[in-house]
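Colleague: I am new to this structure and would like to learn how to read it. Please take me through it one feature at a time.

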Amino acid sequence: MHTPPILGPTLETPRLILRPPTLQDLEGFVAMMADEETARYIGGLQPRSNVWRAVCAMAGSWVLQGFAMFSVFEKSTGKWVGRLGPWQPAEWPGPEVGWGLSRDAWGKGYATEGAAATIDWAFDHLGWTEVIHSISPPNEPSKQVARRLGSRFLRMGMLPAPYNDHAVEIWGQSREDWRTRKR
């Protein structure tokens, strides 16, 4: 089987390796999106065919936009634990750094650790001047991650179809706020 090259950077944090998704990551994505609790706020339960399309959309975004979500791996085990990072498809409410982790990776601080690394990367390499996080109003754990990152509630907003069935909270911060906070 042909293994295409990975198109994009690999980032490392103290506990994580982040790299653009490949089809080798498909089973992790499929398992995550088949878990009702995990998928609740990231598009809901998805059949394998939809997950395949989503992975291909992320990989394609790396080619077309030069960024997309990263696959996330634990350094200690090499296990795929989720996806996170920059994301801004057509009609999205702004330049987002988002996260979605497998349930067994919850509560370990991985979302905050990985999102911080990708916010740095987006500001430094993509030239973004702000970053947002689109959060479903009842998703308190994601709001906690946003707060730990230094983001604040900005406004209510809508995602584009097919995710436009309810309003989301838009959290975020400017590049200047991020850099000031990190100092």
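Modeller: Start with a cut-off: a residue is buried under 20% relative accessible area, exposed over 50%, and partly exposed in between. By that rule R15, at 33%, counts as partly exposed. Keep in mind that this is a predicted model.

Colleague: How much of the protein chain counts as buried?

Modeller: Of its 183 residues, 48% are buried. The chain exposes about 9200 Å², with 55% of that supplied by carbon and sulfur atoms.

Colleague: Which secondary structure elements does the protein chain have, and in what pattern?

Modeller: There are six helices and eight strands. Along the sequence they run β-β-α-α-α-β-β-β-α-β-α-β-β-α.

Colleague: What radius of gyration does the protein chain have, and what would a compact globule have?

Modeller: A compact globule of 183 residues would come near 16 Å, and the protein chain has 15 Å, which agrees. Its C-alpha atoms fill a box of roughly 45 × 35 × 35 Å along the principal axes. Among contacts between residues at least 6 apart in sequence, 59% join residues at least 24 apart.

Colleague: How many salt bridges does the structure hold?

Modeller: The general idea is that side chains of opposite charge can pair when their charged atoms come close. This structure holds 14 salt bridges. One of them joins E113 and R15, whose closest N and O atoms are 2.7 Å apart. E113 lies in helix α4 and R15 in the loop between β1 and β2, so the pair ties together parts 98 residues apart in sequence. E113 is buried, with a relative accessible area of 15%.

Colleague: How far apart in helix α5 are K143 and E140?

Modeller: They are three residues apart, about one helical turn. Their side chains meet in a salt bridge at 3.3 Å, N to O. K143 is buried at 6%, whereas E140 is partly exposed at 38%.

Colleague: What about R175 and E176, buried or partly exposed?

Modeller: R175 counts as buried at 18% relative accessibility, and E176 as partly exposed at 47%. The two form a salt bridge of 4.0 Å, N to O. Elsewhere, salt bridges that share partners join E140, K143 and E169 into one network.

Colleague: Where is A167 found, and which residues does it touch?

Modeller: A167 is in the loop between β7 and β8, and is partly exposed at 31% relative accessibility. Leaving out residues up to four places away in sequence, A167 touches P137, M156, G157 and M158.

Notes: Residues are numbered from 1 along each chain as its sequence is written. This is a predicted model: local features need pLDDT of at least 70, side-chain atom pairs count only at pLDDT 80 or more; totals for chains, interfaces and linings use all residues. Side-chain values use heavy atoms; hydrogens and water are left out. Helices (H or I, at least four residues) and strands (E, at least two) are DSSP runs, numbered from the N terminus. The radius of gyration is taken over C-alpha atoms; the globule rule is 2.2 Å times the number of residues to the power 0.38. Buried means under 20% relative accessible area, exposed over 50%, partly exposed in between (1.4 Å probe, protein chains only). Contact means heavy atoms within 4.5 Å. Accessible areas come from the Shrake-Rupley method with a 1.4 Å probe; for residues, only the protein chains shown count as cover.
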